[in-house]
Amino acid sequence: MEMTVQLTIDCSDPQRMVTFWAEALGYVPEPPPGGHATWRAYWAAAGVPEEELPAGAGDVPESIVDPTGRGPRVWFQPVPEPKVAKNRWHFDLKVGGGRDVPLDIRIQRVKATVDRLVAAGATVLRINDERDGGLYAAALRDPEGNEFDVV
């Protein structure tokens with residue numbers, strides 16, 4: 001039996017999260033299947049009752065996909081409650097290249113990614129600058145407060 005993996009992230013503003021995480025991960029908003037103009041049109045054609053589709057649901061993509069097909073689909077599920085505690089898991093965006101890459105190059109790569117993601121809506125929590133141990137990384141929050149690292 002074949003299995004695929006989808007990562008589902010609860011959020012209050014799926015479109016904002018689609019925009020941010022597509023930029024962060026190099027993903028693209030997932031187009032609706034079968035030539036439908038919107039996901040809402042697809043769901044309606046599939047028989048989903050109108051009362052199960054809240055206002056605005058599916059009018060814009062609420063998921064992103066890896067254009068290479070390697071990474072998992074990410075769906076941003078709208079929920080009414082806000083995030084209230086630290087994540088129990090998080091993304092590590094591994095942009096430095098690993099310990100085989102000179103530290104100064106890894107630092108440049110991390111800093112460039114952090115700058116790009118801050119411009120896209122992230123907030124820096126802390127910089128882990130442990131050059132004596134060969135580590136340079138940044139802890140950030142996405143636009144809805146979910147923690148992630150750039151290493």
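**Entry 1: the strand pair β6 and β7**

I began with Thr 123 and looked up its bridge partner in β7, which is Arg 141. Strand β6 covers residues 123-130, and seven bridges pair it with β7 in the antiparallel sense. I noted the rule for pairing: two strands pair if DSSP finds at least two bridges between them. Helices (H or I, at least four residues) and strands (E, at least two) are DSSP runs, numbered from the N terminus.

A word on what I am reading: this is a predicted model, where local features need pLDDT of at least 70 and side-chain atom pairs count only at pLDDT 80 or more, while totals for chains, interfaces and linings use all residues. Residues are numbered from 1 along each chain as its sequence is written, and side-chain values use heavy atoms, with hydrogens and water left out.

Next I checked the hairpin of β6 and β7. Four residues lie between the strands, and Gly 134 has a positive phi near 80°.

**Entry 2: from β7 to β8**

I followed β7 onward to strand β8 (residues 147-150) and found four bridges, again in the antiparallel sense. Ala 139 stands opposite Asp 149 in β8. These two strands form a hairpin as well, with five residues between them, and Gly 145 in the turn shows a positive phi of about 95°.

Why is β7 largely enclosed by the rest of the structure? Five of the seven residues in this strand (135-141) are buried, and that is the reason. Buried means under 20% relative accessible area, exposed over 50%, and partly exposed in between (1.4 Å probe, protein chains only).

**Entry 3: helix α1**

I moved to α1, residues 14-25. Its 12 residues reach 16 Å from first C-alpha to last, close to the 16 Å expected at 1.5 Å a residue; the expected span is 1.5 Å times one less than the number of residues. I listed its buried residues, among them Met 17, Phe 20, Trp 21 and Ala 24. An α-helix has 3.6 residues a turn, so residues three or four places apart point the same way. After the helix comes Gly 26, with a positive phi near 75°.

I then picked out Glu 23, which lies in α1. Glu 23 counts as partly exposed because its relative accessibility is 35%. Which residues does Glu 23 contact, leaving aside its neighbours within four places in sequence? I found Arg 116, Leu 117 and Ala 120, where contact means heavy atoms within 4.5 Å. Arg 116 is 93 residues away along the chain from Glu 23, and their C-alpha atoms are 8.8 Å apart.

**Entry 4: the open sheet**

I traced an open sheet of four strands in the order β1-β4-β3-β2, with mixed pairing. At its edges are β1 (6-11) and β2 (28-29), each pairing on one side only. Inside the sheet I looked at β3 (residues 63-65) and β4 (residues 73-78), which run antiparallel and are joined by two bridges. Ser 63 stands opposite Trp 75 in β4.

**Entry 5: the whole protein**

Stepping back, I counted three helices and eight strands, and read their pattern along the sequence as β-α-β-α-β-β-β-α-β-β-β. The C-alpha atoms fill a box of roughly 60 × 35 × 30 Å, taken along the principal axes. Of the 151 residues, 33% are buried. I also noted that residues 24 or more positions apart account for 60% of the contacts with a separation of 6 or more.
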